[in-house]
Amino acid sequence: MAQPKSLKVEADLALDELEISDFTPGLLSDLDPNDIPLGGCRNTENVVFQPGAMLGRRGFSILNSLLAGVADGIATFYDSDGNLHLVVWADGDFFDVDTITFVATLVRANAYQAGLRVCHADLARILYFSDGETIVDDGMGFSGIRMYDPPTNPADAPLVVSDGSPGTIPTPACKVMIARTGQLLLGDLKYDNTPLYAHDTAIWTNVFAPQTIIGTNIVRVGEGQGGAINCFVFMSVTPDSGDSPYDAVFTGLAEHGVYILKGALTPGTIQAIALNCTAGVLDGATAKYIPIQSGAAMVCFLGTDRRVYATNGLATEDIVTDKISKELDEYLLGRLQLAPTGIFTSARNDRDHHYILDCGGGRFYCYDWMRKCWMKFTRWVSGYWAEAIDINGTPILYVTDQENPRLVQQNAGMFDGGAPITPFWTSGTIRIGKAINNIFKWLYLRFRTDNGRVLANLRVLQGRGPISQMTFDNLGGASVAALWGSGIWGSSIWGGSASSQFPALEQKKRIFVNELNGTRSKLQGSDIQITLTTDSAEHFEPLNILILYLPGGRRHVA
Amino acid sequence: MSMRLGYLRRHLREQLKETNPDDSLWTDLTLNDFINEGAKIMASRTQPIDTLFQFQCSLVPGTTTNEFRREYRLPADMDEIFSVFLYNGEQYELRKCDMAFALRNSNFVGIPDRFYVRALTRKRIESNSEAITVSELDASNKQARRMLGLHPKPSSSFVVTVCYYASHFWMRNDADSCIIPFEFSRGVIDYAAYLAHSSDEMYATANLYLEKFNSAVEGCRAKMMNQGQETRFPTVRLRDDDEERNDDYYEIGFAY
C-alpha cells in the first residue's frame, strides 16, 4: 500500500526524485527553456549524445601545418593499384599527401587558379578535377579538367583533352562533378577560354571515356530558373508505392530549387525532377548522402533559407525547425555578413552516425541520423573535408583548414590540437511538480572517466537564480576494464574481456549555495537548470543524473 | 573525560549523513555554532558548572575616601548566582534582597549584609548623599552584563566572593572540551542536529532530535540535583524512579 504523503516518514522517503538518464533529445534551443523535454538541452558544446550517456566529442590532431597555402580542396581516392591517396589543392598547386607521414609532394604546379574551389570525382580509379574557370592548352588542346593517375603518371596531372570524335566539344571546366554509370557528369560549365558559361547545365562524358564529350549530351536543371548547379550527390530513391528503388543524382541550385536527375545519361531519357522544397542549396559542399535505417537514403543539405533539409528523393523535410533553426540562422547570417562568399561544408561521420555541418569559424552542427538529434561542436577546424577509411576499416575525417595552411585529422584523440576540448551540456528549465518552494538536496551523478572530473552546476529561477556548484572527482583514477564480468560454473568460465570501457562511478553531492559571507544556504525554487562540464582534458561521460529534492509541501513530514 | 569540539562535530556530521565538510550544506563553522548553542542551553538548563568570582570593593572614580561603589559588573559567563560571601575579618554569607529595597535605603553606608542581582543591563547605578546617579556601564562596549549590588553601600574595600553557575564557554578549537558530563554530551549533538535539520526545513526529523535533547537535559538535571542533594544532605541518597518501579528491586528489598 502506498505511503500516505501526510505521514511523517524517514527523511529519505520524504524526498522526491528527478532523474535524467537519456540525453538523446539533443540540442533544442528553438524551444522555450521551460518547454524542453527532460534530457533535452538548451545549450551544449562538444558533447555527443548516445543512449544512456553523453560523451565528450573527440578532438583533432594537426597532420601538416606547412601546406603551400590555405587549401581550396581535398580529396581521397584509390588508384588503380588499390592504394589510398590523399590529395590537396593549395595556392594553385596540386599535392599528393603521404597518408603516413603527411608530407605533401607537389604533383602539378599551376594546376588550378588559387582561391577557387576545386571539384573532383574519381572514375575507374582515376581522379578528375576542375576549378570551373581555368581552361588551358598544354599543347594538346584546350581543357578545363585535369586527371591524376599515380600508377601511370605519378608526377603530373595532365589535362583531359577531347579526342576530337564527331560531335565532341573541347573539355569544359565545371564547378560540380560526379561519376555515375561509368560516366562523368559535369555541372555549372564554362565551355571555353572565352567566357561562355552555362551555370544551370549538366553535361556528361561517354562511358569510361572522359575525353569524349558530345556537345548535345546536356540537360538543363531548373528550366532557366534557380541559378547555378552547385551540387551533385548520388543517391538511391525508394518509392513508397512499392516500385523498385532507382538511383538518381540529387542536384541543388544556388538560388532556389532542388532536383533529382533520374534515368540513364542519354538525351531525352534523363529527367530533372523538382523536389518539393522552396529553398535551393546555400553551398553545394553541404549536401551529403546519408544512409538511414529503413534501407533507403537521404541527402542532407543547407538550404538557401539557412535551414537544413533532408530529402529521400521524393519528399523534403526541414530537420532543424523546432530544434536549432534560430541559432543556426543567426550564426550563418553572421558569417555571411562577415564574408558573403564564405564557405559552408559538411562531412559524414560514419563512426558516430553524424552529418556534420561545418558553418565556418569553428562552429559545427551535427545531426545524429540514428537518434534524430542535433549537437553543437566548437573549436574543431573548419574547412574542406575528405572522408577515408584506414587499414583497419576505421573511418577517418581529414580537413584542410579554412584559415591556416594546415591539414588536420578531425574526430580523433582527446585534445583539440593539444588544447583541452571543454565539453558542456545545459538542460532546459525543468519544472518541479506543483510546489513553489522545493528544496534541492542531493545530486547523484553516474559517470565514467579515467582521471577526469565532472563539474555540475545547478541553478534555479529560470536559470538566473543562485548557483550550486559541485565537483565529481575520480580521485583514484580508473583504468579500462572489461565491459562484462565473468562467471564461473564448475570448470567453465563465462564472460569476456573483448570489449572494454572505463568503469561506471556513482557519487553524490549535497546541493547548496555558497554565500558571500562564507556560509551556505539551501537551493530552493520551483524549477532547476543543470549544467555539466569538465575542466580536465580527460574522458568525460556522464551517464545519469538524479536529483533528490524535498517538495515544498512535505517539509513538515520529512 | 569529556568530548571535544572536533569529536562532537564529527559525530554530528554522521547524524546528518554529511561527513564531508566540502560537500555539506553546513560548514564546520556553522556546525560549531550549533554545537556551542546546544552546549550553552544545556549548561543553562542543567547547571553543571559551578565556579567563583572574587573582587574587592572599589572607590567611585574621582573620589578618594569612603565613596565605594554600590554595583559591580559580573563575569560574562555568569548564568546564576547561588551564594555571595563577604570577608571583613571573617567570612559571612550575604542575604539576597530586592534591588528596590537597597535603593530605598541608598544612603546607608557600612558593611554589606545583603546583595541583589540585576539581570542583563548596560547601566550602572550609584548613589550619593543627594540622589541616585545612573551611568553607562561601558560606553565603548555595548555588551550587556549582570550587575551585583551590595547593601548597605560598602564603607571599605571588602573582598566579595561570588559563587555562581557558569554558562558554557564558546568552544573555538577542535581540542576545546565540552564541560557537560560525558554521559550527556550527546545531548549537545542532538541539539545541534535539531538546529541543522530545522535550517534544512526538515522539521519532523528536527523534532526527533529535539526530543532526544530534552531527554538528555532531564537526565543531566536529575544527576545535578542528585549531586546537590547529596552535597547538602550527605546522608540522603535519592532513589531513581525507575529503580522504584522495578518489581525485582522490591522483591529483593523485601527479601533483604
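This is a predicted model: local features need pLDDT of at least 70, side-chain atom pairs count only at pLDDT 80 or more; totals for chains, interfaces and linings use all residues.
Aromatic rings come first. Searching the whole structure turns up 21 aromatic pairs over all chains. One of them brings together A:Phe23 and A:Trp425, with 5.3 Å centre to centre and 80° between the planes. That makes the pair edge-to-face, because planes over 60 degrees apart fall in that class. As for solvent, A:Phe23 has a relative accessible area of 0% and so is buried. A:Trp425 is buried too, again with a value of 0%. Chain A also holds a cluster of rings, in which ring pairs link A:Phe77, A:Trp89, A:Phe94, A:Phe129 and A:Tyr148.

A:Arg57 lies over the face of A:Phe377, and the distance from the ring centre comes out at 5.8 Å. For A:Arg510, the ring in question is that of A:Trp442: the arginine lies over its face, at 5.8 Å from the ring centre.

In chain B, the peptide bond between B:His151 and B:Pro152 is cis, with omega at about -10°. B:Pro152 is found in the loop between β10 (145–151) and β11 (153–154) of that chain.

Over in chain A, positive phi values turn up in residues other than glycine. A:Glu223 is not a glycine, yet its phi is positive, at about 50°. This glutamate is placed in the loop between β18 (218–220) and β19 (229–237) of chain A. Its relative accessibility is 68%, so A:Glu223 counts as exposed, the cut-off for that label being over 50%. A:Gln462 is another such case: phi is near 60°, a positive value in a residue other than glycine. The loop that carries A:Gln462 runs between β37 (453–459) and β38 (467–473) of chain A. With a relative accessible area of 32%, A:Gln462 is partly exposed, because that value falls between the 20% and 50% limits.

Conventions: Residues are numbered from 1 along each chain as its sequence is written. Chains are lettered from A and ligands numbered from 1 in the order in which they are written. Side-chain values use heavy atoms; hydrogens and water are left out. Rings of Phe, Tyr and Trp (its six-membered ring) pair if their centres lie within 6.5 Å; planes under 30 degrees apart count as stacked, over 60 as edge-to-face and the rest as tilted. Buried means under 20% relative accessible area, exposed over 50%, partly exposed in between (1.4 Å probe, protein chains only). A charge sits over a ring if NZ of Lys or CZ of Arg is within 6 Å of the ring centre and within 35 degrees of the ring normal. Helices (H or I, at least four residues) and strands (E, at least two) are DSSP runs, numbered from the N terminus.
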